[in-house]
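Please find below some notes on this structure for a colleague who is new to it.

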Amino acid sequence: MNDHAGLLQVLDAGDGEFLRPDPDGARAAARDKDRRLIDKRMSEQDAVARFVSDGAYVSFDTNTWRRGPSSLMREIIRQQKRDLWVAAKFAAHDLTLLTAGGCVSKIDVGWMEAGRVITEAMHAGRIKLYEWSNGALAYRHLAGALGVPFLPMRYLGGTDVFRHSGARLIEDPYTGGAVCIVPAVNPDVALIHVNECDVYGNARTFGPGLAPVETALSSKRVIVSTEEIVDTEEIRRHPAQTTIPYYVVDAVVHAPFGCYPGSVPGLYRADLEHLLEFGAAQARATMPEYLEKWVHSVPSHMEMLEQRVGLERLERLRAEETHREGYYS
Amino acid sequence: VTSISFTDNEAIITYTARLMEADRLHFVAIGGPPLLAILLARETHAPGIAYVVEDGTIAPEMPMPAPTFMIGAGVASQRAVAWTDMNTVDFHAMRGYIDYGVLAAVQVDPYGNFNSTFTGGSYDRPTRRFGGPGGANEIASLCWRTILMTRLQRRKFVTSLDFMSSPGFLDGTPGARERAGMPSGTGPYRVVTERALFGFDEETRRMKLLAVAPWASVDEVLDDMEFAPLVTDPLDTLEPPSLRELDLLRTQIDPTGRTIAGDWILLEHEGHAYRRSLSPAAAR
């Protein structure tokens, strides 16, 4: 026996509320999923109605600036989902929109676009924040993906972030040093935008990213939106490109320009004019008008693209993304 | 008499770039001043400089001029040696492969702890809320050395932070970081401002003034800090940004001027004697 084999000692603990790790619940959700190769294509309306409930913990990847599920998040606002708890592991103005839409009540913060909407919602008591960091949230998703209840890591300790989180500082039972542990997160639903996917959900994400694989694997339900539906024969010819296998995925939503107004590198650039319009709406407190124009007054993503953006602008965004290397070559 | 003008942010980015070493590995967030400093170093004294980005990009070769909207631009990750993800590059930092973390701070205290979460009010009702630590907490904990970038202002160099988002030497006692679970031998290394450069005392872990810009005095620097740092004797001089550095920043590295924008510093100089010009044009 060594000196440290006694009772595990907790040296310090953060005060923040956290979603209770649920590896067995996540396993049960996995057990109940269909293992067959079945066509999982559905509309964004159906996917969000079926898999995003009020009160759900939602995790998305990446964000609305780059290869994120912007169309799915607009659908969440359109369906007026309420009381969501969101993992902001590098969230962009997507989180601002969800908050402006009245969908969010809790945010686990790594980094978020923190403007007028978020600050006012905090002051009004409509949203509650918990502190982590981008890396700590990605790591909590990794723990969730591994099916373990927590993981040790070597940061957060000693800071106010630790104090406002659900992290613990423990005595390492093997060496006796101090080590921080963070709880796994098993989101109720993951929203992941991918470059290519077949009808069964075998998905490819190209380029650097936050944590698409960990986000999918840690979550109980997984909605994948995809720029392109590819043939399964294409998937089988290049199996090394598959990052998320079909049995993890619950819904496949075909969403060309699904990250709009952001960019899917290699396919289309971000619409900077739109981002300025968003910025102005936040600065001038006209978010309701912005949401009416871009979300509520159009019944679907495709209709939003046709009626609000227009084919000409979309073609320009595609033409001006001249960089293909590493993505599509 | 010649005159030269630049913004405070251009000075901060330039001084930081000069600290970068070509043969070391750096960790930066996805956009902002730290990334610009690395790019400036690459275009001047450190052509092969390598950096990893929080999004999992390892050692990219971003083309110049840099893209307008870096976070959403594929070319920012171009010609990397690997495209991984956030957990993977954090593992590389946790394993000890990353020498410098380069970060921007909203507030910093005498031990190099820093804030990027909120200022004023309370946690639940902040006067000004910022994005949060992002990757700063892990970068400042796991890289061997941390370089912080911020403006020299009394409300930024504070005795007590409104919120400690990321660690410096914590309370400055020996082993404080290790007792909080961080790897040993790590910590803040430099704090770069537009008028002064700071390091940290080996023993007390307190911030120490190392260099001052030639148009600023030590007294003026100390006046703009809430706490008194240690002062090295003799002090080094921070040579102002050169015309070449400014040209690179303005035409290649931040052509839209979004990040380098700031308060203008106008100087008149004869040789190495600099004097701050107070002409009306100095107003931003």
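1. The sulfur of B:C143 lies 17 Å from the closest cysteine sulfur, which belongs to A:C180, and this is too far for a bond. B:C143 is also buried, at 0% relative accessible area (buried means under 20% relative accessible area, with a 1.4 Å probe and protein chains only).

2. This is a predicted model, in which local features need pLDDT of at least 70 and side-chain atom pairs count only at pLDDT 80 or more, while totals for chains, interfaces and linings use all residues. Residues are numbered from 1 along each chain as its sequence is written, chains are lettered from A and ligands numbered from 1 in the order in which they are written, and side-chain values use heavy atoms, with hydrogens and water left out.

3. How many disulfides does a search of the whole structure find? Over all chains the number is zero, where a disulfide is a pair of cysteine sulfur atoms within 2.5 Å. For A:C197, the closest cysteine sulfur is that of A:C259, 16 Å away and too far for a bond. A:C197 counts as buried, at 0% relative accessibility.

4. B:W83, B:Y123 and B:R129 supply 15% of the area that chain B buries against chain A, more than any other three residues.

5. Three salt bridges are counted between chain B and chain A (a side-chain nitrogen of Lys or Arg within 4 Å of a carboxyl oxygen of Asp or Glu). A:R66 forms a salt bridge with B:D55, with 2.3 Å between the closest N and O atoms.

6. A:D61 sits in strand β2 (residues 57–61) of chain A; strands are DSSP runs (E, at least two residues), numbered from the N terminus. A:D61 is buried, at 0% relative accessibility. Its side chain makes a polar contact with the side chain of A:K89, at 2.9 Å (a pair of N or O atoms within 3.5 Å, one able to donate a hydrogen and the other to accept it; residues adjacent in sequence count only if both atoms are side-chain atoms). Not counting residues up to four places away in sequence, A:D61 touches several others, including A:R67, A:H193 and A:T215.

How values were computed
Buried area is the accessible area (1.4 Å probe) that two parts lose on being put together, summed over both. Buried means under 20% relative accessible area, exposed over 50%, partly exposed in between (1.4 Å probe, protein chains only). Helices (H or I, at least four residues) and strands (E, at least two) are DSSP runs, numbered from the N terminus. Contact means heavy atoms within 4.5 Å.
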